[in-house]
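Please examine the structure below before reading on. The paragraphs after it are meant to be followed with the structure in view.

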There are 2 protein chains.
Amino acid sequence: MKQPGPPDPPCYNQAMSVVVVGSVAYDGVETPHGKVDRMLGGAATYISLSASYFTPVKIVAVVGEDFAREDVDLLAGRGIDLTGLERVPGKTFFWAGVYSADMNDRTTLRTDLNVFAGFQPKLPPSYRQEPYLLLGNIQPALQRSVRAQMEGVRLAGGDTMNYWIQDYREELLATLREWDFLLINDGEARMLSGEHNLRRAAARILDLGPHTLVVKRGEYGAILFRRDGHFLAPGYLLEDVFDPTGAGDCFAGGFIGYLAEQGVDPRDGEIPFPELSRAVIYGSVMGSFCCEKFGVDRFRTLTRAEIDARYQEFKTCTAF
Amino acid sequence: MKQPGPPDPPCYNQAMSVVVVGSVAYDGVETPHGKVDRMLGGAATYISLSASYFTPVKIVAVVGEDFAREDVDLLAGRGIDLTGLERVPGKTFFWAGVYSADMNDRTTLRTDLNVFAGFQPKLPPSYRQEPYLLLGNIQPALQRSVRAQMEGVRLAGGDTMNYWIQDYREELLATLREWDFLLINDGEARMLSGEHNLRRAAARILDLGPHTLVVKRGEYGAILFRRDGHFLAPGYLLEDVFDPTGAGDCFAGGFIGYLAEQGVDPRDGEIPFPELSRAVIYGSVMGSFCCEKFGVDRFRTLTRAEIDARYQEFKTCTAF
């Protein structure tokens with residue numbers, strides 16, 4: 001069955017795109033609210049859908065022959081440039097996991113890398129002059145190779161995970177040296193820095209390259225760290241969390257999407273701290289929407305007006 | 001050795017007091033930062049010390065013959081009225097516990113109720129006309145008996161714990177019906193309401209009596225719930241947490257202390273929401289200071305100027 005397209009075809013204020021690199025996958029997910037055996041997922045999918053509400057997006061990823069037309073249509077319907085979505089013989093990356101009762105933990109049941117095992121991101125020439133780059137959680141050396149292919153990048157950063165931090169540390173450190181920002185969760189920040197206290201952990205990480213660090217804390221919000229200060233964002237209080245899969249990636253998409261929409265350009269000097277803080281709130285907003293339905297389903301109906309209304313709600317609920 | 005008194009003798013804008021009821025105790029505490037075999041503790045101690053930075057405090061508690069002169073002096077030095085501090089034959093309540101490495105969990109090693117076992121709070125006549133009442137975590141029937149002794153109370157509320165929620169539920173519900181506000185942690189809110197989701201848990205609890213609920217989330221901050229909205233307060237980001245003992249009680253002391261200082265009077269109608277939000281931030285400020293040293297040690301030197309500076313820091317770190 002073909003899904004209905006999103007209600008508001010994107011219309012952007014400016015033409016500068018975010019290049020998003022990462023996995024496009026099929027996921028099997030079980031939460032206390034239900035179970036879906038196979039649905040569209042993957043970091044690059046969530047990041048792109050989320051960022052597409054703010055700015056044009058160009059995706060770089062690989063899928064197999066089984067990648068469904070309706071999933072291509074969903075991405076294309078959000079105006080996402082699919083020139084860099086490679087289709088190769090074999091099957092699309094498949095991941096399955098089950099969440100704990102409180103949804104703060106999840107157990108991976110299956111990881112079939114399939115065509116993703118041979119992923120060597122190649123940027124189409126039409127991507128290379130774009131100013132914004134968001135690298136989803138893939139092998140650090142691949143993230144680095146993408147960064148090197150971008151010729152006009154002004155703001156680059158992304159995500160990583162415990163596996164790379166532990167077993168690919170040197171590669172990861174070389175990658176981070178070239179990033180402007182890093183978005184990771186609190187456990188990863190502690191592992192990367194060797195410091196339990198987040199304030200000290202952040203100080204160490206800001207010595208590794210990125211001038212901006214966002215530590216995501218799931219339902220508890222996020223903290224933005226820069227050398228000159230930090231910003232505390234509480235988590236949005238959802239009535240129901242159906243499926244947290246992709247929430248962190250949607251956060252990243254909202255964060256970079258908002259900064260791109262504002263046209264921030266570090267060549268003009270530092271990005272204003274309040275702009276980064278607002279990007280963190282937009283990231284939180286997008287992560288919160290993601291949890292409201294299974295997989296990417298919320299993005300089939302979500303509108304920019306709903307996003308801006310929730311941003312305002314954040315303002316109301318945090319002002320004192 | 002006699003400890004030095006606090007640097008700024010309290011001087012209040014108004015004469016209306018908060019009556020604080022609960023335990024005054026000796027604690028043995030071990031955290032990853034150290035170990036103290038015996039030091040001043042107890043909910044009423046922490047609440048009173050914290051509230052004393054905002055408003056006059058009158059304490060109701062019981063201690064044994066071993067209660068030290070220097071501990072009396074510390075409380076008196078903060079201007080706390082000790083008329084209701086009963087001294088009876090026997091030993092003061094003793095509690096000992098050890099914290100986990102991340103300090104998010106603690107294990108009780110010893111609880112010697114001693115004279116606290118027979119605690120029947122009796123309010124001195126000079127306390128009964130005061131407008132503000134903060135009931136620390138004691139048996140709900142005792143909390144209720146204190147509430148009944150207050151003749152002019154305008155704003156009453158307090159704390160409870162899992163033990164009373166599970167085993168004294170009916171008593172607790174009768175007590176809560178007469179409270180304006182309840183301050184509990186997230187686990188207790190879930191237990192009391194039978195709802196995992198905090199938003200729904202809060203809605204149920206607000207049906208039990210209190211018009212204001214504050215859910216404390218430790219390092220992650222707190223949420224203020226009223227029927228007409230909620231306020232999200234992130235946790236203060238400490239460089240070092242030496243000892244979290246008493247932080248929740250100091251939160252309560254800052255919360256009620258600030259409201260008393262402002263002279264809020266529900267007889268005038270509803271307390272303005274922004275006033276309650278600011279009370280939550282002052283609560284968070286006081287809880288954060290409490291963690292910076294062992295036991296009550298931070299209150300030996302803490303000044304109101306430091307409190308107000310941290311409040312401003314909260315403003316800076318949360319504005320967007």
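What follows is a guided reading of this predicted model, from the arrangement of the chains to single residues.

The relation between the two chains comes first. Chain B is superposed on chain A, with an RMSD of 0.0 Å, by a rotation of 180° with 0.0 Å of shift along its axis. The two copies are thus related as by a two-fold rotation axis. In chain B, the C-alpha nearest this axis belongs to B:Pro234, at 2.6 Å from it.

The contact between the chains can be read next. Chain A contributes 24 residues to it, and chain B contributes 24 residues. On the side of chain B that touches chain A, at least two residues each come from helix H7 (198–205), strand E13 (229–233), helix H9 (273–290) and helix H10 (304–318) of chain B. By type, the residues on this side of chain B comprise 12 nonpolar, 6 polar and 6 charged. Of the interface residues of chain B, 100% are also interface residues in chain A, so the copies meet through the same surface.

A helix of chain B shows how burial can follow the geometry of a helix. Which residues of helix H6 (residues 186–193) of chain B are buried? They are B:Glu188, B:Ala189, B:Leu192 and B:Ser193. Because they cover an arc of only 120° around the axis, these residues lie on the same side of H6(B). The buried residues of H6(B) pack against helix H4 (162–167), strand E10 (181–185), H7 and strand E11 (212–216) of chain B. Just after H6(B) comes B:Gly194, which takes a positive phi of about 70°.

Chain B also contains a pair of strands linked by way of a helix. Strand E4 (residues 57–63) and strand E5 (residues 81–87) of chain B pair in the parallel sense, and 5 bridges join them. Within this pairing, B:Lys58 has B:Asp81 in E5(B) as its bridge partner. From E4(B), the chain crosses through helix H2 (residues 69–77) of chain B to E5(B), in a β-α-β crossover that is right-handed.

In chain A, strand E2 (residues 25–31) pairs with two strands, E3(A) and E6(A). E2(A) is mostly covered, with 5 of its 7 residues buried. With strand E3 (residues 34–41) of chain A, E2(A) pairs in the antiparallel sense over 6 bridges. A hairpin of 2 residues joins E2(A) to E3(A), and A:Tyr26 stands opposite A:Leu40 in E3(A). With strand E6 (residues 94–99) of chain A, E2(A) runs parallel, and 5 bridges join the two. Here A:Val29 stands opposite A:Gly97 in E6(A).

Most residues other than glycine have a negative phi, and most peptide bonds are trans. A:Asn114, which is not a glycine, has a positive phi near 50°. A:Asn114 lies in the loop between strand E7 (106–112) and strand E8 (132–135) of chain A. Is A:Asn114 buried or partly exposed? Since it has 19 C-beta neighbours inside 10 Å, A:Asn114 counts as partly exposed; a buried residue needs 20 or more. In chain B, B:Met103 has a positive phi of about 65°, although it is not a glycine. B:Met103 is found in the loop between strand E6 (94–99) and strand E7 (106–112) of chain B. With 19 other C-beta atoms within 10 Å, B:Met103 is partly exposed.

A:Gly235 is placed in the loop between strand E13 (229–233) and helix H8 (247–261) of chain A. Because A:Gly235 has 21 C-beta neighbours inside 10 Å, it counts as buried. Not counting residues up to four places away in sequence, A:Gly235 touches A:Glu219, A:Tyr220, A:Gly221 and A:Ser284. The C-alpha atoms of A:Gly235 and A:Gly287 are separated by 9.5 Å, and these residues are 52 residues apart along the chain. A:Ala15 lies in the segment before strand E1 (18–21) of chain A. With 8 C-beta neighbours inside 10 Å, A:Ala15 counts as exposed. Between A:Ala15 and A:Glu130 the C-alpha to C-alpha distance is 9.5 Å, while in sequence they are 115 residues apart.

Technical notes
Residues numbered from 1 in each chain as written. Chains lettered and ligands numbered in written order. Predicted model: local features only at pLDDT ≥ 70, side-chain atom pairs only at ≥ 80, totals over all residues. Contact = placed C-beta atoms within 7 Å. Helix = DSSP H or I, 4+ residues; strand = E, 2+ residues; numbered from the N terminus. Nonpolar A, V, L, I, M, F, W, Y, C, P; charged D, E, K, R; others polar. Buried ≥ 20, exposed ≤ 12 C-beta atoms within 10 Å, placed from the backbone. Arc of directions from axis to C-beta. Least-squares fit on C-alpha atoms with pLDDT ≥ 70 in both. Pairing = 2+ DSSP bridges. Right-handed = clockwise from strand over helix to strand, strands pointing away.
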